[in-house]
Structures are given as C-alpha cells and as structure tokens.
Amino acid sequence: MAPAAAYAASGASIRGRSLRAMPRPGLIRIRAGVLVLVCRGLAQFGVLPMSVLTSSRRPFGNTGLEVSPLGFGGAPIGLLETGEETVSALLNGLLDRGVNLFDTATMYRGSQDMIGTAIGNRRDEYVIVTKCGLASEGDNPARWTRAKITHDIDHALKQLQTSHIDVMLLHSCSRDVIDRGEAMDAIIRAREAGKVRFAGYSGDNETAAYAATLPDIRVLQISVNFCDQMNIDSVLPVAREHGVGVMAKRPIANAAWKPTEEQYEGYRNYYAPYRERFETMDLSLEELAGTGETNWAGLALRFTLSHPEVSTAIIGSTNPRHIEANVEAAARGPLDDEAVQLIRGAFTAARAGRDWPGLT
Ligand SMILES: NC(=O)c1ccc[n+]([C@@H]2O[C@H](COP(=O)([O-])OP(=O)(O)OC[C@H]3O[C@@H](n4cnc5c(N)ncnc54)[C@H](OP(=O)(O)O)[C@@H]3O)[C@@H](O)[C@H]2O)c1
C-alpha cells in the first residue's frame, strides 16, 4: 500500500502523530546543522571523504545517468511535515556527501515544494525523480487522464523549481491504466516538450515486470528489501534484460526491527506486515556477524545494494544521525555472497505456505 493510503488506513492523522515518538523541531534543526559540521570535520581529518558516495555511482539502467547507491526518499519530509530549515540542512548535507538522487511525488504533500526550496539552486548536481497520478486510487480512471497527468507534471516543475524532471513515474497505477495509454501519452508529450527526460513506473510484482518490457519505461521503482524479496526474482531480471534503471523503495523495510511503540504513529499499520515477516524470518545479527554490521539498518541497506540491478536505494528519514549512518553503510558496499544467501534462505523458508508479495 502507498504510504499516504497506509497512513489514512491506519486511522491516525499525520498531525496527530505521537509527539513522544517524534524528534522536537528545535532539536532536529540543531542536529541537522551538526550533521553537516560533523561530515565536514570528518572529511577534514581524512576519516571519510566529504563526498564519499561520489565514487560509487551506479548506472541508472541505460539512461546514461549515474546515480549514488543511496538516494533520498522524499515521503517522510512531506507526510510528517518536517520543518523547512531541517530539510534544507539534510538535503544540502546529502548533496555534499555525494548523494545525487532525490525521490518525491505529487502525493507526498509539501515534499516537492520543500525539495525545490532547499536545493533548487543546486539543480545541476542531482537527478530528480517524481511521480504523477494518485497511488491510493490506482484503478480510478478519473485520476489517470491526460489532463490530470499534464497538470501534475507542470505543477511538479513549478514546485521543484526546475525546467525539467529527470524521471516521471506513473505512481502505482494498474496494468489497465498503463494499457489504456492516456497517462503514458501525457508523459511522452511532456518528454517531447523537454519537460521530462525519462518515463517510468512505480509499483510491484506482475505489473512492474510487465512495465519493464515497454519501450517507453526506462526506470522502475519497486520494493526491494530483506523482508520483501519477491521482486528480486520476478522483476529484477526483466529490468536487467531491458536496460531499465531500478530504484529500490522501502529499502530498509521501514525499520522492521523497531518495536511498534518506537515507530512513528502514522507508520504503524504501514510497517506492520514487514514487522511480521521480520519476526517470522527470525534472523539474528549474531549469525550475520561476518558482515561486520552491528545494526539492522546497515545490514538491510547493504542487502538491498547487493543486487547489481538496483541503481539506488531511496531511504526515507528525517533523522540526521540515521542519514549519516546510511551514507556510511552505503559506502561499505554490498554484502558478501554468503550473507546474501543466508538472508535469502531465511525469507524463502519463512514464506513457505504464505502469500508474501512485493508490498507497494
Ligand atoms: N512509489 C511508492 O508507492 C512508494 C512507496 C513507499 C515508499 N516510496 C519511496 O521510498 C522511500 C523510502 O521508503 P520508506 O520511507 O517507506 O521506507 P524505508 O526507507 O525502508 O524506512 C524508513 C524508516 O526507517 C527509519 N530509518 C532510516 N534510516 C535509519 C537508520 N539508519 N536507523 C534506524 N532507522 C532508520 C526511518 O525513521 P527515521 O526518520 O527516524 O530515520 C523511517 O521510519 C520513500 O520516502 C518514498 O520516496 C515510494
């Protein structure tokens, strides 16, 4: 389920989220500033190069673009209404660290606007990916008309303060919507007008595998993480065959290892299926000690990045300490084959007799 739909389904309003679980705005602002200073300090002392992720860029399918293994997922800054100054510090800090892909969507509330305001003046340093349509109404034809998609594209250009969008994704529409052609046609017209460089599809399972075979689809955004492995076998090979760039969404399984009471209130229903899978898989950090990872976030990210078809893993976070830890984990690169096979085996064993599709 898409985040907003999941949040809505959870019955918890975003504004009404648990304040106990949320960092205080003043605190996060200070932390964000500290992130940049700490990174600069470490770079100065040669601990980690400032732009540590610049050298590990991956081809973005056959688009000709190269993207950092860690990208930024723009859902939480919009849906959790993060403050502008915090977003500015986070996004500028990420650019300084070599992260060059930012993902957002029409439906992530103020996310496009915040990204445009924060880093629109550095537009030539990053790839911007956004989404049109309304994921939570994937089958409602009224949401996928030429006029609606064209409106979303023009609106995104304005909010993102840019003359062009690098990738415009159809946001979780059904195969019927793709085949009707109207929504896709609107993106193609925008591409011909120079407003969009590449078209793509965001979604999972059979529809994503089908989308990857279409000549106009150059990028996919699919769920790939240690608790969500179905797309690894059913979609990644098709993407590879067709030279389609892959963005891994939900790449650390929404922090499935966190107990429910530690999750943002509005995330609880959304992450619950991953939490259940995580518990059923019954993995332990001890049995994966050979990876050198001492926490789940690093392990989860590096598992996702162990699949060479994945160009970038777009983690959503508003916590500067987490963001810096993710940069460092991405810089450590893929896991070794033994660890990947252990995690794959745990998923296969745990899902026996269960329906564990890729979750949108
Ligand atoms: N196209 C779609 O339908 C769709 C659906 C879902 C997601 N997406 C895209 O994918 C992005 C990522 O997905 P997501 O945000 O749902 O899931 P995710 O990136 O797998 O997980 C995000 C969660 O992990 C936590 N986290 C991040 N780094 C951490 C660390 N180092 N240690 C501990 N916790 C950490 C975050 O909390 P903190 O804020 O506390 O760090 C947040 O609760 C979204 O932002 C969006 O851009 C797209």
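Helices H13 and H14 are oblique to each other, a term for angles that are not under 35 degrees (roughly parallel), over 145 (roughly antiparallel) or 65 to 115 (roughly perpendicular). The model is predicted; local features need pLDDT of at least 70, side-chain atom pairs count only at pLDDT 80 or more, and totals for chains, interfaces and linings use all residues. Residues are numbered from 1 along each chain as its sequence is written.

Two packed helices are described by the angle between their axes and the distance between the axes. The axes of H13 (residues 296–304) and H14 come within 9 Å and cross at roughly 45°; axes are lines fitted to C-alpha atoms over the stretch in contact, with angles from 0 to 180 degrees between N-to-C directions.

H14 has 13 residues, which at 1.5 Å a residue should span 18 Å, and this agrees with the 19 Å between its end C-alpha atoms; the expected span is 1.5 Å times one less than the number of residues. Pro320, Ile323, Glu324, Asn326, Val327, Ala329 and Ala330 are the buried residues of H14, where buried requires 20 or more other C-beta atoms within 10 Å of the residue's own, placed from the backbone. After H14 comes Gly333, with a positive phi near 80°.

H14 also bears on the ligand: three residues, the largest share of the shell around the ligand, come from H14. By class, this shell has 14 nonpolar, 14 polar and three charged residues; nonpolar covers Ala, Val, Leu, Ile, Met, Phe, Trp, Tyr, Cys and Pro, charged covers Asp, Glu, Lys and Arg, and the others, Gly among them, are polar.

Terms used:
Helix = DSSP H or I, 4+ residues; strand = E, 2+ residues; numbered from the N terminus. Buried ≥ 20, exposed ≤ 12 C-beta atoms within 10 Å, placed from the backbone.
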